[in-house]
Structures are given as C-alpha cells and as structure tokens.
Amino acid sequence: MLEADPWDEYAGTWDDDPAARAYATATFASFQDVLAQRDLDLVGAAVCDFGSGTGLLTERLADLAAQIDAVDTSSAMLAVLDAKVEAHGWTAVRTSTALPNSQASHDLIVCSSVCSFLPDYPGTVSTLVALLRPGGLFVQWDWEAEPGSDDHGLSRDEITSALGAADLIDVRVDTAFEIAFEGETIRPLIGVGQKR
Ligand SMILES: C[S@@+](CC[C@H](N)C(=O)[O-])C[C@H]1O[C@@H](n2cnc3c(N)ncnc32)[C@H](O)[C@@H]1O
C-alpha cells in the first residue's frame, strides 16, 4: 500500500483558501517583475514548478509557457492539479512526483513555499539547478525566519548561501511582497539566481 504524504490531507481544501490564492497571485506578480527586470520571457519557456501542490502558480503559467513540469511529493495535491489540467486542456502541463530525468532542459524553475520544508534544502537547490539551461533562472518564495530562530521559514542568509553553493550567479534575496494572511501582514522572501 502507498504511504500517505503529510500534505495529502490539505489537497481537498487548498484551493478554497483565499489566503493561498492571494499568496499565489502575489507570487505570480513578483515573478513577472523578476522576469521583466532580467529581460526574460515566460512565453514559450520550459518551466519546472517544484512543490507545485494543486498548481496555484502552475495555473497562472499554463497558457504562457511551452512546457511546465509540476513536481510534488503529494499525489493528492497533484490529483487536484490533474483535474484542472484536464478541465482546462492545458497541454503544456505535466505532473509528476519525480523530477524530470534531464539536464540543462529548463529555462525557469519556480519553488513557491516549498524550500523550507525540504530535508536537504541546499542539496535540492543544486539538483534543481542542474535542470536549468545556461542563463536559466531559479526563483523561490518562502516565509522569512530570523537567523537562528525556530520560526518556520528560511533566513536571507540561508537562501543566499544555498543559491551561491548551487553556483548560481546574480543572486538576489529580497522581500517579495506584502499581504494580509490569517489576520497578520506577512512579507515573504524571494530568492533569485541565474545559471551561468
Ligand atoms: C505550502 S505548499 C505550497 C504549494 C504550492 N506551491 C502553492 O504555492 O500553492 C508546499 C508543497 O510542497 C510540497 N512538498 C513538500 N516537500 C516536498 C519535496 N521534498 N519535494 C517536492 N514537493 C514537496 C508539498 O506536498 C506541498 O504541496
């Protein structure tokens, strides 16, 4: 019998959460800003949405990118995305619990609110960066944690260090946006780096 993933239980209600949808809207807007600043285009790009969940970010890319590999360890989250893919006829989107078995094949890698949950965050960034073509962009969004605190999230230093260790250049870590989230104002971080 397949073992249940801890995220499976969120799959059925994830898309109904207005906070999750607002977060995805803000994430996509900040992604568009980053692409414009670097003169990169989403149209026609090969994208990997790592930790895609139900595809709240994937669905915003689906009619623009040429190919989107939506990867997530939760089959239940991916099943929700699969239903959307079928309903909307998004032929560019492929879902999988495993990373694409390729190298230098993608233009863009996006990781929205997943990196802080990874058992080996720096190692996973290096694995993901191997998927990028030269000049390709790695982008992550995560809640900010103060260095050395038990807060959920990642610190600016942790992100800078992981992206630098993955040999990305032009690394930038900033506040991505500010939104209301469950009665608080949150200011997640965006980490960006380019493949040589
Ligand atoms: C907070 S949710 C974010 C989902 C989506 N990116 C969004 O913004 O709506 C975190 C997601 O990361 C996935 N995840 C956790 N660990 C993972 C891993 N090691 N590899 C891939 N996905 C993972 C979970 O299954 C979950 O769907």
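A residue is taken to be near a molecule or strand when its C-beta atom, placed from the backbone, lies within 6 Å of that molecule or strand. The model is a predicted one, in which local features need pLDDT of at least 70 and side-chain atom pairs count only at pLDDT 80 or more, whereas totals for chains, interfaces and linings use all residues. Residues are numbered from 1 along each chain as its sequence is written.

We can begin at the ligand. Around the ligand there are 19 residues, of which W7, G51, G53, S74 and V114 come nearest. By residue class, the shell around the ligand consists of 10 nonpolar, 7 polar and 2 charged residues, where Ala, Val, Leu, Ile, Met, Phe, Trp, Tyr, Cys and Pro count as nonpolar, Asp, Glu, Lys and Arg as charged, and the others, Gly among them, as polar.

Leaving aside residues up to four places away in sequence, D5 touches T73, S74 and S75, contact meaning that the C-beta atoms of two residues, placed from the backbone, lie within 7 Å. D5 counts as partly exposed because it has 17 C-beta neighbours inside 10 Å; a residue is buried if 20 or more other C-beta atoms, placed from the backbone, lie within 10 Å of its own, exposed if 12 or fewer, and partly exposed in between.

Most residues other than glycine have a negative phi. S113, in the loop between β4 (106-112) and α4, has a positive phi of about 60°, but S113 is buried, because 20 other C-beta atoms lie within 10 Å. Helices (H or I, at least four residues) and strands (E, at least two) are DSSP runs, numbered from the N terminus.

Finally, consider how α4 packs with α5. The axes of α4 (residues 121-129) and α5 (residues 156-165) come within 8 Å and cross at roughly 40°, the axes being lines fitted to C-alpha atoms over the stretch in contact, with angles running from 0 to 180 degrees between N-to-C directions. The two helices are therefore oblique to each other, as angles under 35 degrees count as roughly parallel, over 145 as roughly antiparallel, 65 to 115 as roughly perpendicular and the rest as oblique. Y121, P122, V125 and S126 of α4 make the contact with A162, L163 and A165 of α5, a set that divides into 6 nonpolar, 1 polar and no charged residues.
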